Amino acid sequence: MTTIKLDEVQGIVFSGYNKYMANASYYLLRIEDAGKTKAWLKNLVDSGRISHGAEKPDDTTENRLNLAISYPGYCKLEADEAKRYSFELSFREGMNSEHRSALLGDRGPNDPGKWSWGNGNKEVDILLILFSKDDAIHAASCSSFEKGFKAAGLSKIDRLDAGAKVQNQHGFVREHFGFADGISDPVVDGFPTVTGTGEIATGEFLLGYPNQYDGKKTQMPVSEQFGANGTYLVFRQLKQNVGEFWQFINDEAKRQGIDPEYLAAKFVGRWKSGAVVAPGEKTDPDKINNSFTFANDKDGTGCPFGSHIRRANPRGVGLGENEAESLKVANRHRILRRGRSYGSFLEDPSQDTGKDERGLLFICLNANIERQFEFVQHTWINNLKFAGLYDEDDPLIGSALETDRKFTIQDEPLRRRVCGFQQFVTTRGGAYFFLPSLTALGMLAAS
Ligand code: HEM
C-alpha cells in the first residue's frame, strides 16, 4: 500500500466534503497585483487555512478551503520560462483554446465565445473553493474573504454557489435530472478511506507517485518538490436543461408505450435510486451496487453501451480481449469527481421554465488531463462510433451533435432507437487548474 503525505495534499483530493460541509462557493479570481497576491497566499498557507488530507472529518469544523491556479495565473506569479514550460500541454493551452475546445465538443451552444466565464476578459487566474458547515458561517466567511480581495491584489470575476444538497433514500446526493450521483469513484491506493491496496494507482490522481499507465511517475511541473502531491483540477459549469429532458423522455416513452422512468434510466445507465440497470429489469430495484464489470451484461440489454455511465467507464467489457484486459484499459482513464450541483432543485421538472439556471459545477481531478478527463470526454462520451454504435453520442451529456440526436437501447428481440432529441447539457464556462500541494503553494508565494 502506498503511503501518501496526507498533510501535503489539499483536502478536496480525498473528499468533496458532502457529509459535513453544507455550503460551497467557487470564487473565480483575477490577479491584478502579483506581489500582493503572493503575500495573501503566504498568509493563507502559514496560518494553516488551506485544508489538507490529514485533517480528521468532523462536524465542528466551520470551513474547508482549497485553492487552485490556472496557467495564466501561474504565469503572473512565476517568470521562469522553464518552469512554466514543464506543465502538461493541455493545462498550458487551456480548455478554451481552439484545439482543445473542438476536442471537448465545446462548439455551437457550448462555444467558449458564449461562456459566462473562462474566456476573453473573464479568464480565471485563481479558483478559491470555500466550504462551510452552515449558512450563517458561510455568509460570514464569504464576506470576510471578499473584503480582503482588494488588499490581496485580486479582483472577483464571479462567485458560483453550490445549491442546497438534496439526498436520496441511500444518502447519495441527487443531481438535477433526479438521479443519485457520487456513487462510482475510483478506489485509490493509499487514500485514507481505502483499506488494503486500492485498485487504482495513487499516481493517477497525485503527481510524484507511480501511475496506472506504465507504473512510472506522470510528467510533473518542476521541481520535484513543487510538483509532488499536486494534481490537475478540471472545472466546468454544465447547465442542465431539466424541463427539456423530462419533456422529451415523457413524450418518447408515451410514443413507445414504455415507462418514462425506465427510458430515463436507460439514458443514464442507473435507475434514479442509483442501482445499475440490469438485463431484464423493468423497474427500479432500489439496490446500490458498484462492484460490477458489466460481465453479466455483455450485450448491453441492461445498461446500454451508449448510456452515460457505460461510456464514462466501460469497465470490463469491450476494451480488451477479455474482462481483465478491458478493466486494465478502462482503469487508465479514470477521474475523481468532486463537483456539486448549482441552482434550485425541482421536485417537478415541468416547473422548469428555463428562466432559472441550474446544473452541475463539474469538478474532476486527474494527474494527466489529456489521458484522463479529455480522453473520457472525447473518446468515450462524445464519440459517435463508440462500442460499435455509429451516429450517436452520450444521450445525457453529449455535445458532439447539436440536434437530431439518437440513442440505441440494446433489447431482446430487437434493439430500440430513440431519435430526434436536442442536447440536454450546455457548457457555460470552464478552465483547467493545477491544485498544488501545500509546500508548492508556499513556494509560489515565495517565488
Ligand atoms: C450535467 C452533467 C452530468 C450529469 C447530470 C451526470 C450524471 C451522472 C450520474 C447520475 C452518474 C451515476 C452515479 C455515479 O456513479 O456517481 C454519473 C456517473 C459518472 N459520470 Fe457523470 N454526469 C455529468 C457529467 C459528467 C462529465 C462531464 C463526465 C466526464 C467527462 C462524467 C463522468 C462520469 C463518470 C466517470 C461516472 C462514473 C461511471 C462509473 O464509474 O460507473 N460525468 N454521472
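Trainee: Which backbone atom of G182 lies by an oxygen atom of the ligand, and at what distance?

Mentor: Happy to start there. This is a predicted model, and in it a backbone N or O atom of G182 lies 2.8 Å from an oxygen atom of the ligand. A pair of N or O atoms counts as a polar contact when they are within 3.5 Å. I183 also takes part through its backbone: one of its polar atoms there is 2.7 Å from a ligand oxygen. S184 uses its side chain instead, with a polar atom 2.5 Å from an oxygen of the ligand.

Trainee: Which elements give two or more residues to the shell around the ligand?

Mentor: They are β6 (180-181), β7 (231-240), α10 (308-312), β10 (359-366) and α12 (370-381). The biggest share comes from α12, with four residues.

Trainee: How many residues surround the ligand, and how do they divide into nonpolar, polar and charged?

Mentor: There are 27, and the closest are I183, S184, H308, R315 and R337. By class, the shell has 16 nonpolar, six polar and five charged residues.

Trainee: Now the whole chain, please. What does its radius of gyration agree with?

Mentor: For 447 residues, a compact globule would come out near 22 Å, and the chain has 22 Å, so the two agree. Its C-alpha atoms fill a box of roughly 65 × 50 × 45 Å along the principal axes.

Trainee: What percentage of the residues is buried?

Mentor: Buried means under 20% relative accessible area, and 56% of the 447 residues are buried. As for contacts with a separation of 6 or more, 69% join residues 24 or more positions apart.

Note on methods
Residues numbered from 1 in each chain as written. Predicted model: local features only at pLDDT ≥ 70, side-chain atom pairs only at ≥ 80, totals over all residues. Heavy atoms only, no water. Near = heavy atom within 4 Å. Polar contact = N/O pair within 3.5 Å; in protein donor to acceptor, adjacent residues only side chain to side chain. Nonpolar A, V, L, I, M, F, W, Y, C, P; charged D, E, K, R; others polar. Rg over C-alpha atoms; globule rule 2.2 N^0.38 Å. Buried < 20%, exposed > 50% of the residue type's maximum accessible area, 1.4 Å probe, protein only. Contact = heavy atoms within 4.5 Å.
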